[in-house]
Amino acid sequence: MKLSARSDAYIIPEYSLTGDLLSFLTCNLQYRYQNRGTLPPSMPVQLWFGEFIHGVMEEAFLEWENTKKQFPWDWKEDVRPIEDMIDLRLQVRGLYPPKNHFFTTNSPDSKITSDDINAHDHKKLASARAHEAINTWGPHLFPLIDSAELLIKGLRNMPNYDEKKSRSNYYGINGVIDVLSSIKIDETIGNNQSILDNYTNKIIEFLKKDTDFQKNISEIDGNEYEIIIDYKGMKRPSTSDKTWEHHKQQILTYSWLRSKQEDAKPIVAGIIFYLNELVPSYEDLQSMQIEIENDQTDIEIGEEDFDKIMNWDKTKDYPQLSDELKEKRSFRIITINEDEIDNALEKFDAVVYDIEKSIIDERDGCNIKQAWKAEAEERTCNACDFKTFCGNEKNKKKNFKIP
Ligand code: SF4
């Protein structure tokens, strides 16, 4: 009797929009080591802060939903307990805070308890940004949120499927989003107008001024619609930076995934919050100068802020930019339309194809550095653990000291 062989397990590769696609686009080889090889970075400043600020905003929303506590929130009383909780959650996952960005009371050798903490000694950059993000956007954003932390998933055909080589005929794509709804927007305007005549919700004001957004809502049937939001723990990218385009594609892909869910309403826009803009660092201000000089920013800047940035004496304190500029730079609207979505999906298919190709090349015997390209921007390379051996030509010219 002939026994049939057990068939291979049918596995559909799953890709997360931020964890896989954006990481791969940042640097193929770094993605291979860090994400696929699960070699966590030794200085995970960007990764840690991205996760931290997402967690803080989500928890702050839940807290506000339960207590409806009035803003502004006090750092020590209201924000620090949330920071502590998120820090602990990240440490459990092996993500430890960079010392000069965040003061942790969760490490075993920390002699300071949450009761002893004070803003002067312990409120470092990440805490300042978390505090500012909650108090700047919380009052305007939280009342509009309809669904928080919504998991969106979808399946797409594997690009250039090859029966002999490809790992599967489909690939899965997923992400987590917050959704604002027109119902909540109407409710918020209604509730507040009856209490306060001069109530202005800054998010609604920004949306009212956006002509593409207004055009989109005038074209939908009925008056129900949705807006997708995402937080980024980074500065607003310059318009010439490839990240600028990648973020747009990410939101468009989210909107496609969300539109496939049963309870979805038409999605008319996406909003990205670049939360580092609320408390810019030295490097952020330097980049801002370069962007203004080279006309690589989409945000108009007033005369006073322009002078402060362009005539900044770097030996002295940072210039204090106006709240108006910081808010404008931290808020970005992405217009959603069918053509743009198709275009974004095609681009993401192409990225998945590249990732799959590298995986297959490696599986077929190619060595890691041949299968995955080492190419990234200087800022990424400077903070990368693999720069001494990755083979990137620019890094070869630098003189690294190996301890
Ligand atoms: S140093 Fe730069 S090019 Fe090399 S692996 Fe790291 S990010 Fe990629």
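Where is the place of Lys68? In this predicted model, Lys68 lies in the loop between α3 and α4, and this residue has a positive phi of about 50° although it is not a glycine. That loop also holds Pro72, which is joined to Phe71 by a cis peptide bond with an omega of about 0°. As a background to both features, most residues other than glycine have a negative phi, and most peptide bonds are trans.

Helix α3, which covers residues 45-67, packs against helix α6, which covers residues 125-141, at an angle of about 35°, and the axes of the two helices are 10 Å apart. The crossing of this pair is right-handed. On the α3 side, the contact is made by Trp48, Phe49, Phe52, Ile53, Val56, Met57 and Ala60, which meet Ala126, Arg129, Ala130, Ala133 and Ile134 of α6. Sorted by class, this contact has 11 nonpolar residues, no polar residues and 1 charged residue.

The model also contains a ligand, which sits in the largest cavity. Around the ligand are Cys27, Ala374, Glu375, Ala376, Cys381, Cys384, Lys387, Cys390, Asn392 and Asn395.

Methods:
Residues are numbered from 1 along each chain as its sequence is written. This is a predicted model: local features need pLDDT of at least 70, side-chain atom pairs count only at pLDDT 80 or more; totals for chains, interfaces and linings use all residues. Side-chain values use heavy atoms; hydrogens and water are left out. Axes are lines fitted to C-alpha atoms, for helices over the stretch in contact, and angles run from 0 to 180 degrees between N-to-C directions. Helices (H or I, at least four residues) and strands (E, at least two) are DSSP runs, numbered from the N terminus. A crossing is left-handed if the near helix is turned anticlockwise from the far one by less than a right angle, and right-handed if clockwise. Contact means heavy atoms within 4.5 Å. Ala, Val, Leu, Ile, Met, Phe, Trp, Tyr, Cys and Pro count as nonpolar, Asp, Glu, Lys and Arg as charged, and the others, Gly among them, as polar. A residue is near a molecule or strand if one of its heavy atoms lies within 4 Å of it. On a 1 Å grid over the protein atoms alone, a cavity is a set of points where a 1.4 Å probe fits but cannot get out, and a pocket is an open set with protein on both sides within 12 Å along at least five of seven lines; lining residues have an atom within 4 Å of a point. A molecule sits in a cavity or pocket if more than half of its atoms lie within 2 Å of its grid points.
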